[in-house]
Amino acid sequence: MNLSFDSFVLAASTADLDDEPAARGVADAVEFRMDLAADPLGALDAYDGALPVLATNRAEWEGGDADGDEDDRLDALVSAAENDAVAAVDIELESLRTERGGDAAERARAAGATVVASAHDFEQTPARSELVRLLHDAATLGDVGKLAVTAETHADALRVLDVTRAATAWDDAVATMAMGEAGRHTRAVAPVYGSKVGYAPVEPADATAPGQYDAKTLRSLVSNLSHNPDV
Ligand SMILES: O=C1C[C@@](O)(C(=O)O)C[C@@H](O)[C@@H]1O
């Protein structure tokens with residue numbers, strides 16, 4: 001299935017592809033957290049949903065649950081990419097900087113998947129220069145560069161919005177969000193500044209990161225805030 005990141009994509013994050021019918025009509029895609037699922041490739045084989053899948057197999061060292069062999073983790077992502085329903089895969093920026101990560105990205109692209117390169121900071125929001133560097137590296141090694149950091153103050157949140165606008169202005173395709181209470185509003189506001197992906201659980205209790213809105217709420221917030229981006 002195809003999924004364009006030219007405009008905002010709301011991805012319903014889940015460990016259970018049976019959530020897809022509930023996400024239909026609200027989300028544009030399903031983010032399948034393979035690392036949180038029992039038999040991810042089996043679930044993908046059985047998938048007959050209407051929404052395209054963005055497959056994530058988050059490594060433990062990047063805040064996820066995948067704690068096995070790195071080659072196996074990346075191979076599972078490539079296998080996912082070979083499934084027709086999978087339109088995109090998420091590969092960590094740290095992985096993409098290695099030969100095997102770069103190779104996995106090439107194989108995923110050859111299978112027709114878009115590569116979302118992701119970087120996370122679960123403790124803080126780095127300085128502006130570091131955010132700019134991370135986002136640009138991610139947008140260069142991936143087709144979309146994603147940055148999720150933790151905001152403790154509104155100044156942190158503003159930095160995330162600022163670098164989102166700057167990256168978009170120099171034509172990097174990016175997805176950004178500040179995790180945590182102080183950054184929560186960035187999930188609704190970052191798309192105004194060019195962020196191309198938002199993540200939200202169908203049910204609030206199933207959040208996959210701190211500060212997420214549920215999918216219906218995020219859709220409504222983003223739709224209400226959207227306006228002509230050429231300003
Ligand atoms: O990397 C991301 C972004 C995210 O961490 C968030 O903050 O919404 C949620 C994750 O499921 C996804 O893989």
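**Entry 1: the shell around the ligand**

For this entry I count Ala, Val, Leu, Ile, Met, Phe, Trp, Tyr, Cys and Pro as nonpolar, Asp, Glu, Lys and Arg as charged, and the others, Gly among them, as polar. I worked throughout on a predicted model. I looked up the surroundings of the ligand and found 14 residues there. S13, A148, Y199, T208 and A209 are the closest of them. Sorted by class, the shell holds 5 nonpolar, 5 polar and 4 charged residues. I then noted which strands take part: β2 (29–33) and β7 (174–179) each provide at least two residues of this shell.

**Entry 2: the annotated active site**

I consulted the UniProt record, an unreviewed entry, which lists H120 and K146 under "active site". I located H120 in strand β5, which covers residues 114–120.

**Entry 3: helices α3 and α5**

I next examined how helix α3 (residues 70–81) packs with helix α5 (residues 99–110). Their axes lie 9 Å apart and form an angle of about 10°. Angles under 35 degrees count as roughly parallel, and I therefore record α3 as roughly parallel to α5. On the α3 side, the contact is made by E70, D71, L74, L77, V78 and A81. On the α5 side, R100, G101, A104, R107 and A108 make the contact. By class, I recorded 6 nonpolar, 1 polar and 4 charged residues in the contact of α3 with α5.

Definitions and conventions:
Residues numbered from 1 in each chain as written. Predicted model: local features only at pLDDT ≥ 70, side-chain atom pairs only at ≥ 80, totals over all residues. Axes fitted to C-alpha atoms, helices over the stretch in contact; angles between N-to-C directions. Helix = DSSP H or I, 4+ residues; strand = E, 2+ residues; numbered from the N terminus. Parallel < 35°, antiparallel > 145°, perpendicular 65-115°, else oblique. Contact = placed C-beta atoms within 7 Å. Near = placed C-beta within 6 Å. UniProt positions renumbered as here; feature names shortened; annotations may be inferred.
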